[in-house]
Amino acid sequence: MTTASMFSDGFANGLIIICFFIIGACCGSFANAAALRLLRDEAVMFPASRCRFCARDLRPQELIPVVSWLLQAGRCYCRKQPLSRRYILVEICLAILFAL
């Protein structure tokens, strides 16, 4: 086995792990939203996600699992109220489980 083929195999495996991590984070984000909506007896898919403090529809950049929570420092964009750590914990846990 040559060094080039070992590198390409490792690179491909790394990309696959990253893809599964991202898919897991997205599933964790959906699980959070679905659980909250089901507890409130709301539809799971519609309407769009909204801020629980001001009821404003979330912008696309606020819907990126893990990243948006970190960029916003765990706070609501409009009112700067603290967001539950459960959101990021569920997203990260599912991301890791998918990547394993």
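A: Start with charge, where Lys and Arg count as positive, Asp and Glu as negative, and His and the chain ends are left out. Each charge is placed at NZ of Lys, CZ of Arg, CG of Asp or CD of Glu. Here the protein chain has 11 positive and 6 negative side chains, with the centres of the two sets 11 Å apart. This is a predicted model, where local features need pLDDT of at least 70 and side-chain atom pairs pLDDT 80 or more, while totals for chains, interfaces and linings use all residues. Residues are numbered from 1 along each chain as its sequence is written, and side-chain values use heavy atoms, without hydrogens and water.

Q: How many helices and strands does the protein chain have?

A: Helices (H or I, at least four residues) and strands (E, at least two) are DSSP runs, numbered from the N terminus. This protein chain has three helices and zero strands. Its radius of gyration is 17 Å, well over the 13 Å from the globule rule for 100 residues, so the chain is more spread out than a compact globule. That radius is taken over C-alpha atoms, and the rule is 2.2 Å times the number of residues to the power 0.38.

Q: Where is Gly-14 found, and what is its relative accessible area?

A: Gly-14 sits in helix H1 (residues 3-39). Buried means under 20% relative accessible area, exposed over 50%, and partly exposed in between (1.4 Å probe, protein chains only). Gly-14 is partly exposed, at 26%. Its C-alpha atom is 9.9 Å from that of Ala-99, 85 residues apart along the chain.
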